[in-house]
Every structure is written in C-alpha cells, then in structure tokens.
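I opened this model to take notes on its fold, its core and a few of its elements. My entries follow in the order I looked things up.

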Amino acid sequence: MTTVSLALGAALLMPTAAGAAGSTNRDAFDNLGQPDRAEWMSGVASETRLSAMSIPGTHDTLSLHGGAAVQTQEDYGDSAQTLAAQYERGIRALDIRVRVVNDGQDFAIHHAAFYQNANFDDVLEKTQSFLKKHPTETVVMRLKSECPYSGAQLHECKHVPGTTTPQNVRDIFAAYAKKEKYANLFWAPSITGSRPATIPKLGEVRGKLVLGSFDSVENSNYGLAGFNDRNEDHYKASDITEKWNYVKKNVDEAMSAASNMYVTYTSANKVPAGGSPRHYAGGYTKVWDNGTTEEVPGVNYHLMKYLNKTQGRVGIIMMDFPGWGLVNAIIDHNKGDARSSGNRMVWQVKGDKTYVNTLYGRCMVRGPEFDDSKSGGSVTQRECQSSPPSSHQWGAEKPSSFDDKGHFWIKASNGKCLTVPYNNGTPPGSGTQMFWWDCETRWFSGSQMWNIVPVKVTTSNGEQQAYKFVNNWTGLCLSMDPATADKSGGKVTQETCPSK
C-alpha cells in the first residue's frame, strides 16, 4: 500500500467550479456558484500571516434591501442566511454595518437608512456555526457604526437613542463579545480595545473571528495594526474604467510589496447621479446610435481576468456581487503558501496497517455491527494505539475479477470493504458516514471502489507520503466529521476533495 502510485481517472480530472478558472462576466458577477469552498484555507500553511494571504470578501456583506441604490450582494435570505451561503462559497472577509437599536442594547444591520432584516446576533451565530463545522478556516470582519451621531440626513440611519455616542457603540460591542454563547468565537487580541493587534499567523486564528477594524467609533484601538492603512475605496468613481484603474493600482502594490495589509474595495455607487453597485460590479449594455449594442464589462470581470494571468499575494478583496470565478481567482493567489498536510481529506498509511488522518491524527476504525448478521457496520475513528487492535487495521486490494479501471477495495481486517451507503441508488453527498460491508464480487460496485491519489504532507519529521482516497461512485474523498473529531467513535465520512 505504501508504494501505491495511481493517476486519477479521466472523469475525476474534469474541473469543477471549486477548481476552475472563470472566463465570462457571469463567472465574475452575481453568481457565487456551488457551496464547495467551505475549507479552502485548509490548503494554506499555518505559518502564513493574514497580511500575506489573498482573501475574498464582500462589501456591505448583508445589504439586500432598499433597491438598486443599496443592494450589493446576491440574495440567499434574511437573518444572515446570505452570510452562511457566502461562507460555504469561499468568502472569508466581511463588512458589517450596524445601527444601535432597542434603546441602546443591540445592533441591527443597516446600509444607510435601510434595515437589512438581520441583526448582529445573526452574524455572530452564523459565523460561530460555520467555524465549528470548519475549524481550518478563519473570518476577518470590518465592523462599522453606520449612522452619524448627529445631523443625520434623510437617506441616513439614526441610532436609538439619538444621544448615542461612540463610547456607547464600543460598550455594546463589548457586551456582545462577552456573551457566554460566543465564548471563544473572537480572536481575543483583536477586541481588547487597548491597542490594535499584531497581524497573526493563520494557525493562530483558525476557527476564530478576527476583528480587522472597528470604524466610526472614534479613537478605535480595536482590530489589526495597519488594517486601514493601504485601502482602496474610491466609492464615487466617475465610471467603471476609473474604478478599475484604482483597483488594479492597489492590487499591483499588494503583489509587489513584501508585507503589510492591503484591503481593496472593488465597489462604487453614484446613485442617483450615476451607476448603482450592480452597474459598477457587473457592467452594462451600451446601445449605439445605429442600434447596435456593446457589452461593457464591470470591475468584477476585469479583476477576474487580470488575476487569472498573474501571481502573488493580493490582500483582502471586498466585492459587490462577486461570482465564483472571481472568488476562485483570489483564492488561487495563495498558491505560494499552499500546503497539503493537515487536511481531514488526506490520510497517512502506517506500517502497522493503520490509516491516520493528517489533520486530527486519529485512526480509522471498523465500528460496531448493524445487527447480529455481522455483514456490515459503521466506520468510525478513535485515538491511535501503539499496538493497534485488528479493528484499526486496513489494507488496499485490487479486485481480481471485475474491475478493470485500476481502483482498489479498502478492506478491514475481517475482509469487509469500505463502502459508501447505497442510498437507494442515488450518490449521497458530503458528510455521509462510511460503512463496512460485504465486498461485492458479482458486478462492479463503484460505492466500494476507491482511487488512491498520492500526495506529500509536511510533518515534524519532514515531508512524508500520504493519500487521498476518492470514491469512484461519488467522486468525494474519505474524510472525518469535524463535529465529532474529538470523540472516540466519531464519524468517518466523505467530503469534497481538496484541490491539492
């Protein structure tokens, strides 16, 4: 088994949205695609500082209501359901705007005068839920007090009570951060309020919400040092070309600089005198005097195409109406800091026949039988043993009579096969627990056939061999359930395969 070297079958080499490059305006604009980028940070080395990363984000993250002058994001639902959808599709930087409500007790999410049918608790609850399920990730939040403290215009929001001060806003935020239900959610050095924190390494903040900055609260010492020092935010650019030139300039500086945090807002808005957020992000159709038309691409398309042909760190990119192709293009600029170790879809195979998960360091186990027939049971994980019992041991074996595609059975010590549940003939999705079951010999059973893909992992002992196990039927990788990863008997599952 330790010398297995197989190529992926042609079908498995076909690109999916998560690994593909976008080419059209639709790929860059208002189309985040499938929820298949929930753990892209697992492929970035833990020693990488956040300032050295390329991170896709959203400008006015939850702005959905109020019309064309206000909406900035694809609508996946209120109460921060849109945020949850963004997380699953790769977004890791937020722009959250709050208004004080309930007589100075709470934050509501606003864009100008318009309530966005979400509250700050919704943001924190969705973020906490996501990070618990995906502990390899981190989220960076720019927080802003949206309303002026006096002299609010008709289009602006007003804090309640009207006597609210910046200190009141800071105190309300501190109360949220201290709530027991959000214990351990925030990366503590970013929310002390005593001084901005030194920019952390990714490994320090995996599973945490990092406050990047806390704006419009006067003398803020929250967030990360230098977060707002190298921003591009010309939100009143006269046209798409002017805004794109501003964006490109800041991105180019980020690519060429050795360090420091860069944040680039691709957004602009000149309603009612000019273009809306959708206009700047997605472009428009120009009609000439002779009746012919010309498609004028927006900032999102220009940026996607530019990133597809360049390399290097681009910093945090805050976008209106991003598409999956643009999100992928930003994520792909982390290749210089990529790693293949520490991924729950990557396993080492030891000489004692144990299969050890490289993220959690736990062993795959033949779990309890379903019934007295002992024809099948669940596949689980436990802490590895120095002298592993037979239930911890597995081996790879090529079928001798019916599979001619180079796949393998993964067999338990009792001769049963690692199996994806049949699910009435419909391939089950991510998170499905694996079974052990009688090996099929009468026909080709893709649910028991595994493609073994060698990868390298970095450990304390240097670079070592590891493997991805890709099921032939579902195309998903053998994995561990993060919600039960610290429990003996936790689930061994299948998940979307990592790109590396």
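**Overall shape.** I am working with a predicted model. I started with the size. The chain has 500 residues, and a compact globule of that length would have a radius of gyration near 23 Å. The protein has 25 Å, which agrees. I then took the extents of the C-alpha trace along its principal axes, which are about 80 × 60 × 45 Å. The accessible surface comes to about 21,400 Å². Carbon and sulfur atoms account for 47% of that surface. I noted that 52% of the 500 residues count as buried.

**Secondary structure and contacts.** I counted nine helices and 23 strands. I also checked how far apart in sequence the contacting residues lie. Among contacts between residues at least 6 apart, 67% join residues at least 24 apart.

I looked up the UniProt record, an unreviewed entry. It annotates residues 50-214 as "domain: Phosphatidylinositol-specific phospholipase C X". In the model, that stretch is 24% helix and 24% strand.

**Cores.** Which residues touch the most other members of the largest nonpolar core? I found Leu 50 and Phe 120, in a core of 76 residues. I listed the contacts of Leu 50, leaving aside neighbours within four places in sequence. They include Ile 55, Thr 138, Val 140, Ile 199 and Pro 200. Leu 202, Val 205, Val 210, Leu 224 and Met 261 are also on the list. A second, separate core has 21 residues, among them Tyr 355, Trp 450, Leu 478 and Ala 485.

**Strand E2.** I moved to E2, residues 93-101. Eight of its nine residues are buried, so E2 is largely enclosed by the rest of the structure. I traced its partners next. E2 pairs with E5 (residues 139-145) in the parallel sense, over six bridges. In that pairing Arg 97 stands opposite Lys 144. E2 also runs antiparallel to E3 (residues 106-111), with four bridges joining them. There, Val 101 stands opposite Asp 106. E2 and E3 form a hairpin with four residues between them. I checked the turn and found Asn 102 with a positive phi of about 55°.

**Strand E6.** I followed E5 to its pairing with E6 (residues 209-215). Six bridges join E5 and E6, which run parallel. Met 141 stands opposite Leu 211 in E6. How many residues of E6 are buried? Seven of the seven are, so E6 is largely enclosed by the rest of the structure.

**Asn 31.** I picked a loop residue next. Asn 31 is found between helix H1 (25-28) and strand E1 (54-58). Is Asn 31 buried or exposed? The relative accessible area of Asn 31 is 16%, and the cut-off for buried is under 20%, so Asn 31 counts as buried. Leaving aside neighbours within four places in sequence, Asn 31 is in contact with Arg 26, Glu 74, Pro 322, Gly 323 and Trp 324.

**Helix H9.** Trp 324 took me to H9, residues 324-331. Eight of its eight residues are buried. Trp 324, Leu 326, Val 327 and Asn 328 are among them. I asked what covers the buried residues of H9. The cover includes H1, E1, helix H8 (299-308) and strand E11 (315-319).

Notes. Residues numbered from 1 in each chain as written. Predicted model: local features only at pLDDT ≥ 70, side-chain atom pairs only at ≥ 80, totals over all residues. Heavy atoms only, no water. UniProt positions renumbered as here; feature names shortened; annotations may be inferred. Helix = DSSP H or I, 4+ residues; strand = E, 2+ residues; numbered from the N terminus. Core = buried A, V, L, I, M, F, W, Y, C linked by side-chain atoms within 4.5 Å. Buried < 20%, exposed > 50% of the residue type's maximum accessible area, 1.4 Å probe, protein only. Contact = heavy atoms within 4.5 Å. Rg over C-alpha atoms; globule rule 2.2 N^0.38 Å. Areas by Shrake-Rupley, 256 points an atom, 1.4 Å probe, with all protein chains shown as cover. Pairing = 2+ DSSP bridges.
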